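This report is for a reader who is new to the structure. Please look at the sequence and the structure first, then read on.

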Amino acid sequence: MSGLQQQFDIARQWLDEAERVLLASGAGLSAAAGIDYGDKRWFAENFTPMLQYGVSTCAEILGGMGLPPLLQWGYLSHQLELVRFGAIDHPVYRLQHEALAERDYFIFTSNVDALYERHGFDPNRIYTPQGDYARMQCVSPCSEATWYTRKYLERIRERTDPATWQLQDESRLPRCPICSGPMYMNVRAAHWFLETPYLPQRQRLIKWLDAAADRNLLTIEIGAGFNTPGVIRWPAEQLTSRHADARMIRVNPEDSEIPGSLRERSMSLDCSGQEFVAAVFTQ
Ligand SMILES: [Zn+2]
């Protein structure tokens, strides 16, 4: 039996023994579900008009940053529709849902594509500290208000040239309904990010963690590397340190090391999120 196979067996056992499961996930898990910002083929298939501008991955123009506004919003009107609102049913999320739906779980994810919610997980058990593409905000910001993104995208797509993805009508650029200033998605892209909509989720997670501190907690961290380690990776380690009986499984093909103080009750698997989910979340 390979080392990895043995680790999968132990992980399955830990999952069985856990009374509460915290799923902590990063970009690696969305990539496993096909939303891979570094994938050139996926980009060429889904964002073909952008190739003429010399762009070959979503990562190069993250959030449309650096593009002129009319092209930026023409692009975003297609990109967000696909990654946030499009129909998606992927085994990497479906298997997690099947294994955990009836259990005491919470989800803590840096992903802003709502893939957990879109696969049936309870939104009251999800905390998304980096925001959500489904909301828009003023970038001043002149208030704490947020607005539903999709209606802006539809208005933009109606007037976007399908061959160039250039928005043809400047009046359709998203404008703050209060101050008329520019808007952007309500995600932690810069200092103006409004956290307010996510504070109730955060409170629920803190309560959930405190409510039964003595009950076996298993944190499963998938695909959270060192791009923004302060968001998921370090908090996952801190939670495990704080709860004496907690265990942690870290799944990361590149950055799988674990701090020495946690080694006795942690396990690190250098495989992909997809491999891990397929091996451990199926009984
Ligand atoms: Zn405003």
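## Terms and source

Two strands are said to pair if DSSP finds at least two bridges between them. Helices (H or I, at least four residues) and strands (E, at least two) are DSSP runs, numbered from the N terminus.

This is a predicted model, in which local features need pLDDT of at least 70, side-chain atom pairs count only at pLDDT 80 or more, and totals for chains, interfaces and linings use all residues. Residues are numbered from 1 along each chain as its sequence is written.

Strand S4 (residues 131-138) pairs with S6 in the antiparallel sense, over five bridges. In this pairing, Cys138 has Met183 of S6 as its bridge partner.

S4 and S6 belong to an open sheet of three strands in the order S5-S4-S6, with antiparallel pairing. Strands S5 (147-148) and S6 (183-187) are at the edges with a single partner strand each, so one side of each has no neighbour in the sheet.

Helix H7 (residues 149-158) lies across S4, S5 and S6 and runs at about 80° to S4. Axes are lines fitted to C-alpha atoms, for helices over the stretch in contact (C-beta atoms, placed from the backbone, within 7 Å). Angles run from 0 to 180 degrees between N-to-C directions.

The loop between H7 and S6 contains Ser171. A residue is buried if 20 or more other C-beta atoms, placed from the backbone, lie within 10 Å of its own, exposed if 12 or fewer, and partly exposed in between. Ser171 counts as exposed because it has 8 C-beta neighbours inside 10 Å. From Ser171 to Ser143 the separation is 28 residues in sequence and 22 Å in space, C-alpha to C-alpha.

## Helix H9

In helix H9 (residues 233-242), the buried residues are Arg233, Ala236, Glu237 and Thr240. Seen down the axis of H9, they fall within an arc of 95° (taken from the directions from the helix axis to the C-beta atoms), so they line one face of the helix. Gln238 and Arg242, on the other side of H9, are exposed.

The buried residues of H9 pack against strands S1 (20-25), S7 (217-222), S8 (247-251) and S9 (266-269).

Five of the five residues of S8 are buried, so the strand is largely enclosed by the rest of the structure. Arg247, Ile249 and Val251 are on one side, and Met248 and Arg250 on the other.

S8 runs parallel to S7, joined by five bridges, with Ile222 opposite Val251 of S8. S8 also runs parallel to S9, through four bridges, and Met248 stands opposite Ser266 in S9.

Notes
Contact = placed C-beta atoms within 7 Å.
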